Amino acid sequence: MEQMSSQLSTIMPDCTCASPPFDHPKADIILRSSDRVDFRVFKLFLALASPLFETMFELPQPAVGTSDDTKDGLPVIPMQENSKILDTFLRFCYPSTLAEDPSLDNLIDIKAIIGVAKKYSLDLIERRVCQALVNSKVLEAEPLRCFAIARNARLTHETITAARYTLRQPLIPTCLPEIDMITASDLLALLTYHKQCSVAAASLLVNLDWMTNHYSNPSGCNWLLDTRRVDRWGASSEPPICKCARSHEAKFQLWKSAPYSWWTTYMEETFELLRDTPSGDIVRSEVEKTIQKVRDVGCTTCSAHVKEKMEEFSNLLALNVDKATASIKLEIDRDFRLPPVVGSGPPKEKKKQRT
Ligand SMILES: [Zn+2]
């Protein structure tokens, strides 16, 4: 036994002390991280932040100096979390005058802290961390991962917000590390939501009333329309306004006039993208390519105003896409039994409700 103990002491590295404010000489307890960093903290702050800590501190503590569970006369509590995670969540527990809230701008930290907050019933911290989950920077980069984490944590508002951001990306990802955090029902709900949003966006190409209502009359659209009178074969005796080709496809006719082909090509290509990514942002991101194409053709008439008019138009289309998809609801079953948050205890019961 003695031999084993001496072997252990040679294998286990010495503990290091955490950085301020978790190195206070008057602290009354030590939390030891999984990577053996000792955090000297005040029980009061932790007990105020978490009922679980409060209960833990009410249990009989080991007598000072009688076991390995004490150090410098203070009880030592071994924690499952590593020092980085422990430092982050202790900063949330401490008053802001002593430790500022840490910034959470990456998903790995957010996921870990949500797990810890749930484990220790740190409701207030959980809410603050959830705000980090709907930070637009995080959402834009990893919407599907945010969806999985938010859904697993049963965060309704964050789940719905993340689902909306997934519309900016094709739904089938090459890799989703958090796939095990959601159920097949969750994924089906998201796929259905995506599909319904695609259908809603596609309806804007079938019916161009949103355009005619916005521009009121052909003169409002003279930058994309050939308003010359044409015969039934699409020919006109009047000289063309510019050399750009026109499209006589029935679905693109506005006030019975033929628009420029570069505009109909933009519409076809954009709506093709919207099938997979039904989001207004996709519309805006595609417009620059069309502006460049028109300029490359060298039509001075169209080139003169294509940037201004197409940017305005793409904004109009983007707004209408977002408006069309805004009415689609994500039908997630809030009563469905979810797998537990990775690295934490069982999720708390919350009030039953449906989206
Ligand atoms: Zn032209």
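Reader: Where is Thr161 placed?
Author: In helix H9, residues 156–166. Bear in mind that this is a predicted model.

Reader: Thr161, buried or exposed?
Author: Buried. Its relative accessibility is 19%, and the cut-off for buried is under 20%.

Reader: What does Thr161 touch?
Author: Val134 and Leu139, leaving out residues up to four places away in sequence.

Reader: On to the core. Which residues have the most contacts inside the largest nonpolar one?
Author: Leu31, Phe39, Val41, Leu46, Phe89 and Leu133. That core has 60 residues. Domain 1 (15–102) and domain 2 (104–182 + 339–355) both contribute to this core, so it lies between them.

Reader: What is Leu31 in contact with?
Author: Beyond its neighbours within four places in sequence, its contacts include Phe39, Val41, Leu46, Ile77 and Met79.
There is also a second, separate core of 35 residues, with Leu205, Leu208, Val283 and Leu316 among them.

Reader: Switching to the metal. What coordinates the zinc ion?
Author: The SG atoms of Cys242, Cys244, Cys299 and Cys302, at 2.2 to 2.3 Å. The spacing in sequence is C-x1-C-x54-C-x2-C.

Reader: Why is the arrangement tetrahedral?
Author: The 4 donor atoms subtend angles of 105 to 112 degrees around the zinc ion, which makes it tetrahedral. For four tetrahedral donors the ideal is 109.5 degrees.

Reader: Which parts do Cys242 and Cys299 tie together?
Author: Cys242 is in the loop between strand E6 (225–226) and strand E7 (258–259). Cys299 is in the loop between helix H13 (280–297) and helix H14 (300–326). So the pair links parts 57 residues apart in sequence.

Reader: Cys242 and Cys299, buried or exposed?
Author: Cys242 is buried, at 9% relative accessibility. Cys299 is buried too, at 2%.

Conventions:
Residues are numbered from 1 along each chain as its sequence is written. This is a predicted model: local features need pLDDT of at least 70, side-chain atom pairs count only at pLDDT 80 or more; totals for chains, interfaces and linings use all residues. Side-chain values use heavy atoms; hydrogens and water are left out. A nonpolar core is a set of buried Ala, Val, Leu, Ile, Met, Phe, Trp, Tyr and Cys residues joined through side-chain atoms within 4.5 Å. Buried means under 20% relative accessible area, exposed over 50%, partly exposed in between (1.4 Å probe, protein chains only). Domain bounds come from an automatic or database domain assignment. Contact means heavy atoms within 4.5 Å. Helices (H or I, at least four residues) and strands (E, at least two) are DSSP runs, numbered from the N terminus. Donors are N, O and S atoms within 2.8 Å of the metal (3.2 Å for Na, K and Ca); water is not among the atoms, so sites may look incomplete. Four donors count as tetrahedral if all angles lie between 85 and 135 degrees; four count as square planar and six as octahedral if opposite donors are over 155 degrees apart and all others between 65 and 115; anything else is irregular.
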